[in-house]
Amino acid sequence: MNKPVFLLVEDDPYNRDILREILEDYADCEIVETTNGREALNWLLDQSKLPNLILLDMMMPEMDGFEFLRHLGTHPQHDQLRVAGVSARAHNHDRDRALQAGCWRYLTKPFDIHEIESTIAAALTN
């Protein structure tokens, strides 16, 4: 059986460590880590197999989550990708903006482990 693949796009090493630990504790998986949207997009375009879930920081240097989502819209299989936006911005308008930009889910910092686990579970069952 193939291991699920998670693409983690986060510029902050501390947040990346936390998310990696949550993913590793939840499932026997492959985790690909990138530090900005450009690296993630380049990795994604080189893959034949899509990740089960992309955890995408919305505020990063070089290419932020919103720009990543705009470019992702040109990917031939973009409608099959599950992208969970991750941000310290917890207002409803921030959540709405991310969902309108193409996020499937929106997670806030500080992290709620149960919310992340339910997002992983939903991504793996869909």
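Me: How do the axes of α2 and α3 cross, and within what distance do they come?

Reply: In this predicted model, the axis of helix α2, which covers residues 37-45, comes within 9 Å of the axis of α3, and the two cross at roughly 25°. Since angles under 35 degrees count as roughly parallel, α2 is therefore described as roughly parallel to α3.

Me: And is that crossing left-handed or right-handed?

Reply: The crossing of α2 and α3 is right-handed.

Me: Which residues make the contact?

Reply: On the α2 side the contact is made by Gly37, Arg38, Ala40, Leu41 and Leu44, while α3 contributes Glu67, Phe68, His71 and Leu72. Sorted by class, this contact of α2 with α3 has five nonpolar residues, together with two polar and two charged ones.

Me: Why does Glu62 count as exposed?

Reply: Its relative accessibility is 55%, and exposed means over 50%, so Glu62 counts as exposed.

Me: One more: what is the peptide bond from Lys109 to Pro110 like?

Reply: The bond that links Lys109 to Pro110 is cis, and its omega is near 0°.

Me: Where does Pro110 lie?

Reply: Pro110 is found in the loop between β5, residues 105-108, and α5, residues 113-125.

Notes. Residues are numbered from 1 along each chain as its sequence is written. This is a predicted model: local features need pLDDT of at least 70, side-chain atom pairs count only at pLDDT 80 or more; totals for chains, interfaces and linings use all residues. Side-chain values use heavy atoms; hydrogens and water are left out. Helices (H or I, at least four residues) and strands (E, at least two) are DSSP runs, numbered from the N terminus. Buried means under 20% relative accessible area, exposed over 50%, partly exposed in between (1.4 Å probe, protein chains only). Axes are lines fitted to C-alpha atoms, for helices over the stretch in contact, and angles run from 0 to 180 degrees between N-to-C directions. Angles under 35 degrees count as roughly parallel, over 145 as roughly antiparallel, 65 to 115 as roughly perpendicular and the rest as oblique. A crossing is left-handed if the near helix is turned anticlockwise from the far one by less than a right angle, and right-handed if clockwise. Contact means heavy atoms within 4.5 Å. Ala, Val, Leu, Ile, Met, Phe, Trp, Tyr, Cys and Pro count as nonpolar, Asp, Glu, Lys and Arg as charged, and the others, Gly among them, as polar.
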